[in-house]
Amino acid sequence: MYKFLKDEDGVGTVMALFWFILCAGIVGLSVDATNAWRHKERLQLSADIAAHAGILEVLDGKSDAQVRASAKASALGNMPNQDYGRVINTDLKDIILSNYDPSTKTLAAGGTVNAVTVQLHRDAVVDNPVGTFLLGFAGFSDWEIKKYGTSIVNEFGLCPRYEGIWAHGMISMSNQNIINQDHCVHSQDFVKMPQHNTWKSDSYLGMPNLGLCEEKCLNSENTGVERAKHEIN
């Protein structure tokens with residue numbers, strides 16, 4: 001018995017098995033989480049694009065049915081059922097037409113339709129959650145994901161109906177540009193701008209945090225920028 005208790009044969013195998021299980025769990029979490037993130041991003045982008053497709057039909061004076069049909073076609077064009085499974089429950093519940101009030105920044109049913117919201121699912125509602133792989137062995141069989149995209153018709157603050165560049169992410173400009181009258185350059189992140197650009201009267205530069213602009217938002221660096229710059233979100 002004493003000899004058996006002192007015997008260390010096979011210890012390496014036990015440790016190797018322990019580390020294998022631990023590594024498999026970490027890899028499984030990474031793979032499944034990455035897969036869920038990929039589907040979440042796909043749903044969000046497809047919902048945003050579908051809402052934009054719908055609002056274009058609103059601007060064109062189309063009927064509610066035509067607006068929903070266009071939004072649905074866009075969503076299914078980006079996430080076809082044969083590749084992603086069902087992502088829309090019903091047109092009326094997942095493609096919502098509403099009225100946007102710019103004074104309160106709220107959406108409400110009724111009134112003139114000037115907003116389109118598209119909701120896309122990978123969840124139990126459409127019987128199509130995102131399945132897991134290795135996490136399934138731990139009893140976590142699927143992810144439930146739901147994303148919304150909304151497009152509205154609304155004039156943008158200081159730049160109503162202006163031409164220009166509009167971006168969610170960073171805009172990186174070169175130098176020697178001339179931004180003419182009635183043109184906007186707006187980023188919801190940051191406008192990266194070197195020197196020697198000229199901002200004409202009634203042109204606009206917008207970003208949520210002008211502090212990021214630093215000395216580049218001085219007329220000594222970019223002519224006319226001090227009048228054009230606005231801290232807007």
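**First stop: an aromatic pair**

Select Phe140, which is partly exposed at a relative accessible area of 35%; partly exposed means between the two cut-offs, with buried under 20% relative accessible area and exposed over 50% (1.4 Å probe, protein chains only). A note before moving on: this is a predicted model, where local features need pLDDT of at least 70, side-chain atom pairs count only at pLDDT 80 or more, and totals for chains, interfaces and linings use all residues. Residues are numbered from 1 along each chain as its sequence is written, and side-chain values use heavy atoms, with hydrogens and water left out.

How many aromatic pairs does a search of the whole structure find? It finds one. That pair is Phe140 with Trp143, edge-to-face, at 4.8 Å centre to centre and 70° between the planes. For pairing, the ring centres of Phe, Tyr and Trp (its six-membered ring) must lie within 6.5 Å; planes under 30 degrees apart are stacked, over 60 edge-to-face, and the rest tilted.

**Next: Ser151**

Jump to Ser151 in strand E6 (residues 145–152). Helices (H or I, at least four residues) and strands (E, at least two) are DSSP runs, numbered from the N terminus. Ser151 counts as buried because its relative accessibility is 13%. Show its surroundings: leaving out residues up to four places away in sequence, Ser151 touches Asp48, Ala51, His52, Ile55, Asn114, Ala115 and Val116 (contact means heavy atoms within 4.5 Å). Zoom in on His52, whose backbone nitrogen is 3.3 Å from a polar atom of the Ser151 side chain.

**Then: helix H3**

Select residues 64–78, helix H3. Its 15 residues should span 21 Å at 1.5 Å a residue, and the end C-alpha atoms are 22 Å apart, which agrees; the expected span is 1.5 Å times one less than the number of residues. Colour the buried ones: Val67, Arg68, Ser70, Ala71, Ser74 and Ala75. Look down the axis of H3 and these buried residues fall within an arc of 160°, so they line one face. The arc is taken from the directions from the helix axis to the C-beta atoms. On the face turned away from the buried side, pick out the exposed residues Ala65, Ala73 and Gly77.

**Last stop: two loops**

Which loop holds Asp182? Look between strand E9 (178–179) and strand E10 (183–187). Asp182 has a positive phi of about 65°, although it is not a glycine. Finish at Asp202, in the loop between strand E12 (198–199) and strand E13 (204–207); its phi is positive too, near 65°.

How values were computed. A polar contact is a pair of N or O atoms within 3.5 Å; within protein, one must be able to donate a hydrogen and the other to accept it, and residues adjacent in sequence count only if both atoms are side-chain atoms.
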